[in-house]
Amino acid sequence: AQRALHLVPEQDHFRRGTITGTLGLAYWTIGDLGNAYRSFTDCMANLKKAGKIHLAISVTYVLADIRYVQGRLHDAQNEYDSSLQLAASSDKPLPLATAELYQGLSVLNREQGDLETATQNLLKSKELGEKAPLPEWQNDGNPRRKITLDQLLRMSAGLEFEEHYIPPDDITRMLYESYDFAVYAADKPLVAKPDTEWNYSSGVA
């Protein structure tokens, strides 16, 4: 990974972010928390520059966990707070990883004896975690905005999807004609109120 990092141009922030993230995992695995923290910090910075804010925010949990293990609880909280501010400043819907930030804050609050705040952050994490992790559904006025992850997993989200394995149903189109399964499934319209009908659908589950 270190050799690859030297070969990647400085301006290729996304690739440098993925490589430094890999380095961070390697250091973390062998217990070198100092270098792991520095690598993950570089990873997050590169992902921000690449415009991958949702990925950058997901790195926060690792950075905060390293600080937690080091006994630096105040620094761990600062990691969470900074990323929550970053998420709030974005003009896009909150990424699913934000739920993990609130969960991590809840753990810190509990360690610090602030059970009331810990409970509030845990409930906020639960609320965000229940939302389907699809930013394109979270815009105001989108009828799919209130679909939860649980409804998708139980195949009761109310989305249009035919699965008979007889062309031209949705499953065969998705498997053999679509360039991106996730995009195909996410584009399906709502045809029933969530949790009112069950429809076998491996495409949206």
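Biologist: Which helix holds Asn-46?
Modeller: In this predicted model, Asn-46 sits in helix α3, which covers residues 33–49.

Biologist: Is Asn-46 buried or exposed there?
Modeller: Asn-46 counts as buried, because its relative accessibility is 11%, and the cut-off for that class is under 20%.

Biologist: What does the side chain of Asn-46 reach?
Modeller: It reaches the backbone oxygen of Asp-42, at 2.9 Å.

Biologist: And which residues does Asn-46 contact if you leave aside its neighbours within four places in sequence?
Modeller: With those set aside, Asn-46 is in contact with His-13, Arg-16, Gly-17 and Thr-20.

Biologist: Let's zoom out. How many helices and strands does the protein have?
Modeller: There are ten helices and zero strands, and the C-alpha trace spans about 55 × 50 × 30 Å along its principal axes.

Biologist: What share of the residues is buried?
Modeller: Buried residues make up 38% of the 205 residues in the protein. As for contacts with a separation of 6 or more, 49% of them are between residues 24 or more positions apart.

Biologist: Now the helix packing. At what angle do α5 and α6 pack?
Modeller: Helix α5, residues 73–89, packs against helix α6, residues 97–111, at an angle of about 150°, and their axes are 10 Å apart. The two are therefore roughly antiparallel to each other, and α5 passes α6 in a left-handed crossing.

Biologist: Which residues make that contact between α5 and α6?
Modeller: From α5 the contact is made by Leu-73, Ala-76, Gln-77, Tyr-80, Asp-81, Ser-83, Leu-84 and Ala-87, and from α6 by Thr-98, Glu-100, Leu-101, Tyr-102, Gly-104, Leu-105, Leu-108 and Glu-111. Sorted by class, the residues of this contact are nine nonpolar, four polar and three charged.

Biologist: How do the axes of α4 and α6 cross?
Modeller: The axes of helix α4, residues 53–69, and α6 come within 8 Å and cross at roughly 20°. That makes α4 roughly parallel to α6, since angles under 35 degrees are classed that way. The crossing of α4 past α6 is left-handed.

Biologist: Which residues meet there, between α4 and α6?
Modeller: On the α4 side they are Ile-57, Ser-58, Thr-60, Tyr-61 and Tyr-68, and these meet Ala-97, Glu-100, Leu-101, Gly-104, Val-107, Leu-108 and Glu-111 in α6. By class, this contact of α4 with α6 has seven nonpolar, three polar and two charged residues.

Biologist: Switching to the backbone, which peptide bond is cis?
Modeller: The bond from Pro-167 to Pro-168 is cis, with omega near 10°, and Pro-168 lies in the loop between α8, residues 149–153, and α9, residues 170–176. Most residues other than glycine have a negative phi, and most peptide bonds are trans.

Biologist: Then where does Tyr-165 lie, and what is its phi?
Modeller: Tyr-165 lies in the loop between α8 and α9, and its phi is near 60°, a positive value in a residue other than glycine. Asp-195 also has a positive phi, of about 75°, although it is not a glycine. Asp-195 lies in the segment after α10, which covers 181–186, and at 43% relative accessibility it counts as partly exposed.

Key: Residues numbered from 1 in each chain as written. Predicted model: local features only at pLDDT ≥ 70, side-chain atom pairs only at ≥ 80, totals over all residues. Heavy atoms only, no water. Axes fitted to C-alpha atoms, helices over the stretch in contact; angles between N-to-C directions. Helix = DSSP H or I, 4+ residues; strand = E, 2+ residues; numbered from the N terminus. Parallel < 35°, antiparallel > 145°, perpendicular 65-115°, else oblique. Left-handed = near helix turned anticlockwise from the far one by under 90°. Contact = heavy atoms within 4.5 Å. Nonpolar A, V, L, I, M, F, W, Y, C, P; charged D, E, K, R; others polar. Buried < 20%, exposed > 50% of the residue type's maximum accessible area, 1.4 Å probe, protein only. Polar contact = N/O pair within 3.5 Å; in protein donor to acceptor, adjacent residues only side chain to side chain.
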